[in-house]
Amino acid sequence: MSAWVLPDHIADVLPSEARHIEELRRDLLDAARCYGYELVMPPLLEHLESLLTGAGTALNLQTFKLVDQLSGRMLGLRADSTPQVARIDAHLLNRSGVTRLCYCGPVLHTLPSAPHATREPLQFGAEIYGHAGLEADIEVLTLALDCLKAAKVTSPSIDLADARLVKSLLLGQSLSAAQLALLYAALAAKDSSELASLSRNLPPDIRQGLLTLVQLYGDVSVLDEAEKALPPLPGVPEALQNLKRLAAHLPGVQVTFDLADLQGYAYYTGARFSIYAPEASGALARGGRYDQAGAVFGRNRPAAGFSLDLKTLVNAVPVRPLQAAICAPWRSEPMLAAAIASLRSRGEVVVCVLPGHESEVDEFHCDRELIEVAGLWLVQAI
């Protein structure tokens, strides 16, 4: 095998895409900052027990593992940043009030999440800790939409669900972990026949509630149907009302509901959302409420947030124009060097053209040039 061949689903990011990704990263971090979110930079690797506790337990199979040569302990390369941010909130910052944090960095997956997905996503996310009310859910959802707007995503649509619906139906039922996994899989696949078989020993109202969930997807009228069809168990009416309130705060955005959607069921504790766009084949952003994220670190704080992959996002938005630049000759003249330094100090891109490379094209659009006129170096349009 050639030395330059990379592992499957791992790729170099070349100049055009790298420029676009970096511009998106800056725009998204600026959007989060405008909401009051503070930037944190958790490490790429941690002790394995820290990464795979609490909210991170579901990431075990997606986590690369290695041995620390200094301590002999097992380390993991993060597959998701949320458990780390929960640790920072709970153990390092330890604030008593609301904390808003954002991050952007690579994560590594042992397996791709989709047939053509990268195993090295560049994950951007924002999370709010310390507020149990629906206001936090609304804020992270609004911020997610503003981030996609900043990236020039057109006509986003939102799919809403709530993890409490299934958990409320199954609360108190004597089911093994294997049985629960099969039930969740049947619900996610909307396999009514399999679900009927798996739930045959459950109480009739619970069994019928699970079978009804499979049919509850569509527009906001689904919530009215659910109120009539689902048993009024603790947590069910509240979850449905919260979904109605979330949708009411999204005027002008297409909102749908899939009450049997169990994406991240082991992770989310309340309302969850996925944001789609015509330009993308899958979800561009996912998020919701995960109140148990920091419990393992000693602080069971309310939490809500979202994340997205910049490498996926960059392929779903228009290519940005090349940055305008100024061409300058390559000469060792003090006045020319001073003119170039002055332009760069004002934020201009000045590309010095090396001898013999005058016709080469790169990542910058030179629409001006620095030329000498009567002993002075002046910028003129090309």
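## Glu127 and its surroundings

Beyond its neighbours within four places in sequence, Glu127 is in contact with Tyr37, Thr82, Val85, Thr99, Arg100, Leu101, Tyr103, Tyr290, Ala304 and Gly305 (contact: heavy atoms within 4.5 Å). This is a predicted model, in which local features need pLDDT of at least 70 and side-chain atom pairs pLDDT 80 or more, while totals for chains, interfaces and linings use all residues. Residues are numbered from 1 along each chain as its sequence is written, and side-chain values use heavy atoms, without hydrogens and water.

Glu127 counts as buried because its relative accessibility is 0% (buried: under 20% relative accessible area, with a 1.4 Å probe and protein chains only).

## Annotated binding site

An unreviewed UniProt entry carries a "binding site" annotation that covers Asp80, Ser81, Thr82, Gln123, Glu127, Tyr267 and Tyr268; such annotations may be inferred rather than shown by experiment. Ser81 is buried as well, at a relative accessible area of 1%. Leaving aside neighbours within four places in sequence, Ser81 is in contact with Tyr103, Val107 and Gln123.

The whole structure contains four aromatic pairs (ring centres of Phe, Tyr or Trp, the last by its six-membered ring, within 6.5 Å; planes under 30 degrees apart are stacked, over 60 edge-to-face, the rest tilted). Tyr267 and Tyr268 form an edge-to-face pair, 5.1 Å centre to centre with 90° between the planes. Tyr267 and Tyr290 form a tilted pair, with 5.1 Å between centres and 40° between planes. Tyr267 is buried at 17% relative accessibility, and Tyr290 is buried at 2%.

Notes: Buried means under 20% relative accessible area, exposed over 50%, partly exposed in between (1.4 Å probe, protein chains only).
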